[in-house]
Amino acid sequence: MTEQAIRKVLDEHAKLSVDATDLDIAADLYELGLTSHASVNVMLALEDTFDVEFPDELLRKSTFASVDSIRSALTELGVG
């Protein structure tokens, strides 16, 4: 469920060059077109979707680099 929701957010906000539903979990989202501006939109959408707030220590490029890294950050925030 969490992974599907992440992919939905990516599809709607990341402006990637590929469909997020088909992405390898470790694919580099920045190589696929994620910009710093789009990553902020992704972060805000993730916060709304999962009712969390990303703390300053997770506000780094690597947090949003792949589906897997986003899932790990969300797990760290208690999303399960």
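Reader: In what order do the elements of the protein run from the N terminus on?

Author: Helices and strands here are DSSP runs, a helix being H or I with at least four residues and a strand E with at least two, numbered from the N terminus. In this protein the elements run α-α-α from the N terminus on, with three helices and zero strands. The model is predicted: local features need pLDDT of at least 70, side-chain atom pairs count only at pLDDT 80 or more, and totals for chains, interfaces and linings use all residues. Residues are numbered from 1 along each chain as its sequence is written, and side-chain values use heavy atoms, with hydrogens and water left out.

Reader: How does the radius of gyration of the protein agree with that of a compact globule?

Author: The radius is taken over C-alpha atoms, and the globule rule is 2.2 Å times the number of residues to the power 0.38. For 80 residues a compact globule would have a radius near 12 Å, and the protein, at 11 Å, agrees with that. Along the principal axes, its C-alpha atoms fill a box of roughly 30 × 25 × 20 Å.

Reader: What percentage of the residues is buried?

Author: Buried means under 20% relative accessible area, exposed means over 50%, and partly exposed lies in between (1.4 Å probe, protein chains only). Of the 80 residues in the protein, 42% are buried.

Reader: How many salt bridges does a search of the whole structure find?

Author: A salt bridge is a side-chain nitrogen of Lys or Arg within 4 Å of a carboxyl oxygen of Asp or Glu. The search finds four. One of them joins Glu3 and Arg7, at 2.8 Å from N to O. Both residues lie in helix H1, four residues apart, or about one turn of the helix. Arg7 is buried at 9% relative accessibility, while Glu3 is partly exposed at 26%.

Reader: Which other residue forms a salt bridge with Glu3?

Author: Arg71 does, with the closest N and O atoms 3.3 Å apart. Glu3 is in helix H1 and Arg71 in helix H3, so this pair ties together parts that are 68 residues apart in sequence. Arg71 is partly exposed, at 29% relative accessibility.

Reader: Which residues gather in a patch of negative charge on the surface?

Author: Patches are made of residues with over 30% relative accessible area and no salt bridge, like charges being joined within 9 Å. Asp and Glu count as negative. Here the patch holds Glu53, Asp56, Glu57 and Glu76. Glu57 lies in the loop between helix H2 (36-50) and helix H3 (67-76), and is exposed at 55%.

Reader: What is phi of Lys15 and of Asp51?

Author: Phi of Lys15 is near 55°, a positive value in a residue other than glycine. Lys15 sits in the loop between helix H1 (2-13) and H2, and is exposed at 65% relative accessibility. Asp51 has a positive phi of about 55° although it is not a glycine. Asp51 lies in the loop between H2 and H3, where its relative accessible area of 71% makes it exposed.

Definitions and conventions. Patches are made of residues with over 30% relative accessible area and no salt bridge: like charges are joined within 9 Å, nonpolar side chains (Val, Leu, Ile, Met, Phe, Trp, Tyr) within 5 Å. Accessible areas come from the Shrake-Rupley method with a 1.4 Å probe; for residues, only the protein chains shown count as cover. The place of a charge is taken as NZ of Lys, CZ of Arg, CG of Asp or CD of Glu.
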